Amino acid sequence: MHHLPDSSIQARFANGFARTVELICPQCHEKAIFEAHPWQEHGRQVVATEMQCSRCENEMLLVQLLDDMGSSKPGSLFTYPAPGGRSTMPGAQHLQALSGPLARSYDSALKLYNHAEWGAAALTVRHLLEGLAARLLPADKRSLPLPRQLEALQHDVDFARPLQDIAQLMAPDGAFGRHFDDESSIDKVTAEHMLELAEQLLQYLVVLPGEMVDLRSRIATAPVPLRRGSGVA
Ligand SMILES: [Zn+2]
């Protein structure tokens, strides 16, 4: 089940339940209005129905939680399968902090993708990568072509920086280390911070490299689109 914001509801039945919902259809990839069939109650906490894409007739399941009065509970509309389109990546606020224009390029790329403008989306992504490389590289390398800039990144960006200070945190007198002698001194906040630190390390050292290998193998095995005018019928 995928949460839909209440703002995606365009019209409601007299009983307050959603009648039309706007979302990106996972089948036709267009932003479309979905018309809900009459809702059916299941138990006392949930109503459900099906809804249909007004463009391609694709059907999706719609589920709404109820409040104590049996009315639709705000912020609790769900759909299955997930709508099409992509949402903003977690942590995008760090990109905004690094550079407002880069964050806007990323937003534009997402919007174009979500409007099924594949070519314009890909060109905007290239523009984003150029901007990112230019932001992270020293001035003398900013005018290099993108492939050279991306090569230069591995020498000019300090990839060890996220790993700094971790050893110190774990040392016997460090913020975490000093708790290990007396387990009972460890409170929720400390346990939470440790778990978060471990998750960040796992993301950086294990998840990111693994996902990049997966993506590269998907790129390598993706069907190659035929070029226009290549003479292949
Ligand atoms: Zn559709």
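**View 1. Strands S5 and S6 pair around Glu-41 and Val-47 in this predicted model.** Glu-41 has Val-47 as its bridge partner in S6. The two strands, S5 (residues 40–42) and S6, run antiparallel and share three bridges. Three residues lie between them in the hairpin. There, Gly-43 adopts a positive phi near 65 degrees.

**View 2. Strand S4 meets strand S6.** S6 covers residues 46–53. Its pairing with S4 is antiparallel, with three bridges. Phe-34 is bridged to Cys-53 of S6.

**View 3. Strand S6 also pairs with strand S7.** Seven bridges link these antiparallel strands. Gln-52 sits opposite Glu-59, a residue of S7. The S6–S7 hairpin places five residues between its strands. Glu-57 has a positive phi in this hairpin, near 70 degrees.

**View 4. Twelve residues form the largest nonpolar core.** Among them are Leu-4, Ala-18, Val-21, Leu-23 and Cys-25. Phe-34, Met-51, Met-60 and Leu-77 also belong to the core. Three strands each supply at least two of its residues: S3 (18–24), S4 (31–36) and S7 (59–66).

**View 5. Cys-25, a member of the core, and its contacts away from its sequence neighbours.** Neighbours within four places in sequence are left aside here. Cys-25 then contacts Glu-30, Ala-32, Cys-53, Arg-55, Cys-56, Asn-58 and Gly-84. Cys-53 is the bridge partner of Phe-34 shown in View 2.

Note on methods. Residues are numbered from 1 along each chain as its sequence is written. This is a predicted model: local features need pLDDT of at least 70, side-chain atom pairs count only at pLDDT 80 or more; totals for chains, interfaces and linings use all residues. A nonpolar core is a set of buried Ala, Val, Leu, Ile, Met, Phe, Trp, Tyr and Cys residues joined through C-beta atoms within 7 Å. A residue is buried if 20 or more other C-beta atoms lie within 10 Å of its own, exposed if 12 or fewer, and partly exposed in between; C-beta atoms are placed from the backbone. Helices (H or I, at least four residues) and strands (E, at least two) are DSSP runs, numbered from the N terminus. Two residues are in contact if their C-beta atoms, placed from the backbone, lie within 7 Å. Two strands pair if DSSP finds at least two bridges between them.
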